[in-house]
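Please read it alongside the sequence and the structure.

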Amino acid sequence: MGNKALSSKAGSFLLLLLLLSNLLLCRSVDSLPICPSGAVNCKVSLRDLFDRAVVLSHYIHSLSSEMFSEFDKQYGQGKNFIARAINSCHTASIPTPGNKEQAQNTHHEDLLSLILRLLRSWNAPLYHLVSEVRGMQGPPSDVLSKAIEIEERNKQLLAGMERIVGQVYPEAKQNEVYSVWPGFPSLQDADEDSRLSAFYNLLHCLRRDSHKVDNFLKLLRCRVIYDNNC
């Protein structure tokens, strides 16, 4: 068999693996939601709750990264929006570990509280993001569909985390104060450049915070479920 035929078969096999992995991820995500907060007789084990939460948080981060890239490609080229976005996230007031070593030295109860605060801090911004993207002139369809899905998945992840916290850290304050988002007026600014900058900033911050939640959750699962043996 020639090299070309072998290369073609190898390429087909890799494509099949990619399609299967994407299908498994979608099925894993679609098998959620995690037991909602306050659900009666939830039968999901703590290990399964963590596993589902990790799958869901990783999916949210992937969607937010794709959405940010698509928005930047259509609206951000040559605008230098990133200079305005740095250090301007509404969740900046929430102190979080700055690197992996700091996260590993943070008590798991504190990490659980941080995740709750971050997820709750995004409820209002995600709601308004969906509303305002719908009203944009010619927004990429993928940006709107991803914004809608991220809003729903964030609610599911928050419900799951509230149940996990209830089992791991029952004395935690379930109504702990979260960071209020002040950016809604900016999304409705009459000046297009200012409005697009506000969208860019919001998506940049969402990508950043979803990455934090994803990393903290993976660390917590390793620590709580596998006793750091992972």
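Helices (H or I, at least four residues) and strands (E, at least two) are DSSP runs, numbered from the N terminus. On that basis, the elements of the protein run α-α-α-α-α-α-α-α-α from the N terminus on. The model is a predicted one. The protein has nine helices and zero strands.

**Overall composition**

- The protein has 230 residues, and 42% of them count as buried.
- When contacts between residues at least 6 apart in sequence are considered, 82% of them join residues at least 24 apart.

**Helix 2 and helix 7**

- Two packed helices are described by the angle between their axes and the distance between the axes.
- Helix 2 covers residues 46-76 and helix 7 covers residues 141-168; they pack at an angle of about 155°, and their axes are 9 Å apart.
- Because angles over 145 degrees count as roughly antiparallel, helix 2 is roughly antiparallel to helix 7.
- The crossing of helix 2 past helix 7 is left-handed.
- In the contact of helix 2 with helix 7, 17 residues are nonpolar, five are polar and seven are charged.

**Helix 5 and helix 9**

- Helix 5 (residues 108-121) packs with helix 9 (residues 192-224) at an angle of about 150°, with 10 Å between their axes.
- This angle makes helix 5 roughly antiparallel to helix 9.
- Helix 5 passes helix 9 in a crossing that is left-handed.
- On the helix 5 side, the residues that meet helix 9 are His 108, Leu 111, Leu 112, Leu 114, Ile 115, Leu 118 and Leu 119.
- On the helix 9 side, the residues that meet helix 5 are Asp 209, Lys 212, Val 213, Phe 216, Leu 217, Leu 219, Leu 220, Arg 223 and Val 224.
- Sorted by class, the contact of helix 5 with helix 9 has twelve nonpolar residues, one polar residue and three charged residues.

**Asp 227**

- Where does Asp 227 lie? Asp 227 is in the segment after helix 9.
- The phi angle of Asp 227 is near 50°, a positive value in a residue other than glycine.
- Is Asp 227 buried or exposed? Asp 227 has a relative accessible area of 58%, and since exposed means over 50%, Asp 227 counts as exposed.

Definitions and conventions. Residues numbered from 1 in each chain as written. Predicted model: local features only at pLDDT ≥ 70, side-chain atom pairs only at ≥ 80, totals over all residues. Heavy atoms only, no water. Buried < 20%, exposed > 50% of the residue type's maximum accessible area, 1.4 Å probe, protein only. Contact = heavy atoms within 4.5 Å. Axes fitted to C-alpha atoms, helices over the stretch in contact; angles between N-to-C directions. Parallel < 35°, antiparallel > 145°, perpendicular 65-115°, else oblique. Left-handed = near helix turned anticlockwise from the far one by under 90°. Nonpolar A, V, L, I, M, F, W, Y, C, P; charged D, E, K, R; others polar.
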